[in-house]
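This report concerns the backbone geometry of one protein model. Please consult the sequence and the structure shown here alongside the text.

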Amino acid sequence: MPAPASLPALLLDWYDRHHRRLPWRAPPGGRAEPYHVWLSEIMLQQTTVAAVGPYFTRFLDRWPNVTALADAPIEDVLAEWAGLGYYARARNLHKCATVVRDDYAGRFPETEEGLLALPGIGPYTAAAIAAIAFDIPATPVDGNFERVMARMHAVETPLPDAKPELKQLAAALTPEHRPGDYAQAVMDLGATICTPRKPKCLTCPWSAPCAGRIAGIAEELPKKKKKAPKPTRKGVAFWIANGRGEVLLRRRPPIGLLGGMVEIPSSAWRKEEQPLNRALAEAPVRTEWTKLPGMIRHTFTHFHLELEVYRGRATGSKPVDCFWHPVEKIGEAGLPSVMAKIAKHALRHT
DNA sequence: AACTCGTGGAG
DNA sequence: TCTCCAAGAGT
């Protein structure tokens with residue numbers, strides 16, 4: 001009578017039969033490039049595989065290695081990242097590339113601790129790169145890992161309080177053999193079988209030993225604390241054209257919300273409705289304004305935004321902190337999504 | 001420790 | 001429409 005397969009072995013067997021071919025994964029039998037693993041893991045932070053795909057391909061096409069990325073102007077990196085969100089990732093991505101170029105001769109450090117010290121690389125990403133690129137038995141505990149462990153061990157403590165316990169349970173299970181494939185297997189399991197809603201326990205390779213399934217509470221796990229409701233902020237955006245088919249844009253301050261990104265100038269975004277003349281006084285130029293119909297609605301991580309759009313023409317010199325950009329090339333301006341939404345709305349009413 | 005920081009798809 | 005949420009990190 002053969003001994004029952006270990007949990008990791010069970011999952012690796014499932015992974016070998018079901019794993020998805022993704023642009024950043026090495027072909028079967030091949031070795032994953034640290035640069036590819038790093039770039040994909042940064043992009044995948046709080047971001048879906050579907051959203052990352054085209055960005056990863058474009059970055060790799062434009063900057064085929066970490067030194068090329070480090071040599072690029074930060075403005076180019078931010079423009080290429082536009083639309084993917086969480087722009088501090090792009091700022092830290094470029095900073096990290098320069099550190100790897102200048103302090104590590106263009107090669108990523110091959111230890112979890114070394115990776116953890118780099119900008120934009122936290123506990124999850126350091127473990128992911130270590131395991132996937134360097135075959136180190138590290139445990140990258142992401143949302144998938146937490147959900148799978150909470151169910152497997154029927155942990156009823158709500159997140160985020162349960163994080164230390166879930167991390168410990170995950171680490172105790174990490175195999176010495178194929179740790180990178182194992183980590184990706186757990187994440188694939190969480191993404192396709194052990195999903196937040198309606199987990200497919202009938203086809204799960206870990207169904208038999210799963211305490212959450214046995215107790216009939218798998219779908220209720222992990223428990224989470226309730227989130228605070230999002231407030232709404234309001235403002236006025238300014239679509240300002242000149243006589244040469246150009247629109248006035250501006251670069252935001254280098255930190256904070258949309259830090260370093262190109263924007264369509266707007267008034268401050270306030271919690272309360274503001275008098276129109278106060279908002280217009282915050283425009284980068286003084287001119288005659290036409291209110292465009294409708295409104296822009298956009299939701300950020302922690303607040304809703306409502307923007308009215310006013311169109312105007314600039315005749316004099318441009319404000320010092322702004323620049324002109326051809327309207328027909330607005331798609332290449334590197335606008336974050338909320339700004340692209342404003343531009344689309346303005347062009348529809350021009 | 002709690003808060004900030006985007007976006008688009010799913011239900 | 002509205003909430004949830006996806007391979008988290010920095011402060």
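Predicted model: local features only at pLDDT ≥ 70, side-chain atom pairs only at ≥ 80, totals over all residues.

## Background

Residues other than glycine mostly have a negative phi, and most peptide bonds are trans. The sites described below are set against that background.

## Cis peptide bonds

Leu159 and Pro160 are joined by a cis peptide bond, with omega near 5°. Pro160 belongs to the loop that runs between helix H9 (143-152) and helix H10 (163-173).

The bond from Leu221 to Pro222 is likewise cis, and its omega is about -5°. Here the proline, Pro222, is located in the loop between helix H12 (211-214) and strand E1 (232-241).

## Positive phi angles

Gln46 is not a glycine, yet its phi is positive, at about 55°. This residue sits in the loop between helix H2 (34-43) and helix H3 (49-62). Is Gln46 buried or exposed? Its relative accessibility is 72%, so Gln46 counts as exposed, the cut-off for that class being over 50%.

Ala154, also a residue other than glycine, has a positive phi near 50°. Its position is in the loop between H9 and H10. Ala154 has a relative accessibility of 25% and therefore counts as partly exposed, a class that lies between the limits of 20% and 50%.

Methods: Residues numbered from 1 in each chain as written. Chains lettered and ligands numbered in written order. Heavy atoms only, no water. Helix = DSSP H or I, 4+ residues; strand = E, 2+ residues; numbered from the N terminus. Buried < 20%, exposed > 50% of the residue type's maximum accessible area, 1.4 Å probe, protein only.
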